[in-house]
Amino acid sequence: MSKEIERKFLVRDSSYRDIAVAKKSIAQGYLSTDPDATVRVRISDDKAYLTVKSRNKGATRNEWEYPISPIDARQMLETCSKSRIIEKTRYIVPGSNGLKWEIDEFHGVLEGLVLAEIELPTEDTPFDIPEFIDREVTGDPKYYNSSLATSV
């Protein structure tokens with residue numbers, strides 16, 4: 001088991017695009033949106049993953065991620081009928097202290113929503129907040145991807 005320590009923020013402008021070092025397309029859906037055991041299927045470009053996450057405790061939660069075949073992932077996404085499939089473009093932006101920001105531009109009914117996440121080795125790891133970052137939404141369930149997949 002590994003721990004995911006992640007802080008999440010709204011984004012104020014698109015200046016991150018100019019400094020991004022990578023970009024990928026992501027489609028993901030949820031087989032379970034139970035906060036105690038969220039089960040996500042994700043296709044990221046030509047790779048696919050099945051991920052199980054526990055309930056957040058602050059910015060930390062347990063996470064198990066397994067590579068799966070993209071064919072299996074597409075079939076699993078077809079079973080996600082109770083939730084919408086989230087489509088987004090992810091930009092990778094270098095941060096301070098060797099950390100990286102992942103900025104997600106959502107598409108479809110979530111068009112216009114842009115969220116930034118930074119994964120940390122410990123909850124108290126210091127990091128610089130770039131100019132494109134707006135307010136922090138870590139711990140706000142309405143910004144969890146699993147919530148976005150089931151909201152109207």
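**Overview. Salt bridges in the predicted model.** The count comes to 12 salt bridges in this predicted model. The criterion is a side-chain nitrogen of Lys or Arg within 4 Å of a carboxyl oxygen of Asp or Glu.

**Close-up 1. Glutamate 4 and lysine 53 form a salt bridge.** The N to O distance is 3.2 Å. Glutamate 4 sits in strand β1 (residues 2-11) and lysine 53 in strand β4 (residues 47-53), so this contact ties together parts that are 49 residues apart in sequence. Glutamate 4 and lysine 53 are buried.

**Close-up 2. Lysine 8 pairs with glutamate 117 in a salt bridge.** Their closest N and O atoms are 3.3 Å apart. Lysine 8 belongs to strand β1 and glutamate 117 to strand β8 (residues 114-119), so the pair ties together parts that are 109 residues apart in sequence. Both lysine 8 and glutamate 117 are buried.

**Close-up 3. Arginine 40 and glutamate 65 form a salt bridge.** The closest N and O atoms lie 3.3 Å apart. Arginine 40 is in strand β3 (residues 38-44) and glutamate 65 in strand β5 (residues 60-68). The pair links distant parts of the chain, 25 residues apart.

**Close-up 4. A network of salt bridges links Glu4, Lys53, Arg61 and Glu63.** The network includes Glu4 and Lys53, the pair of close-up 1, whose side chains meet at 3.2 Å, N to O.

Note on methods:
Residues are numbered from 1 along each chain as its sequence is written. This is a predicted model: local features need pLDDT of at least 70, side-chain atom pairs count only at pLDDT 80 or more; totals for chains, interfaces and linings use all residues. Side-chain values use heavy atoms; hydrogens and water are left out. Helices (H or I, at least four residues) and strands (E, at least two) are DSSP runs, numbered from the N terminus. Buried means under 20% relative accessible area, exposed over 50%, partly exposed in between (1.4 Å probe, protein chains only).
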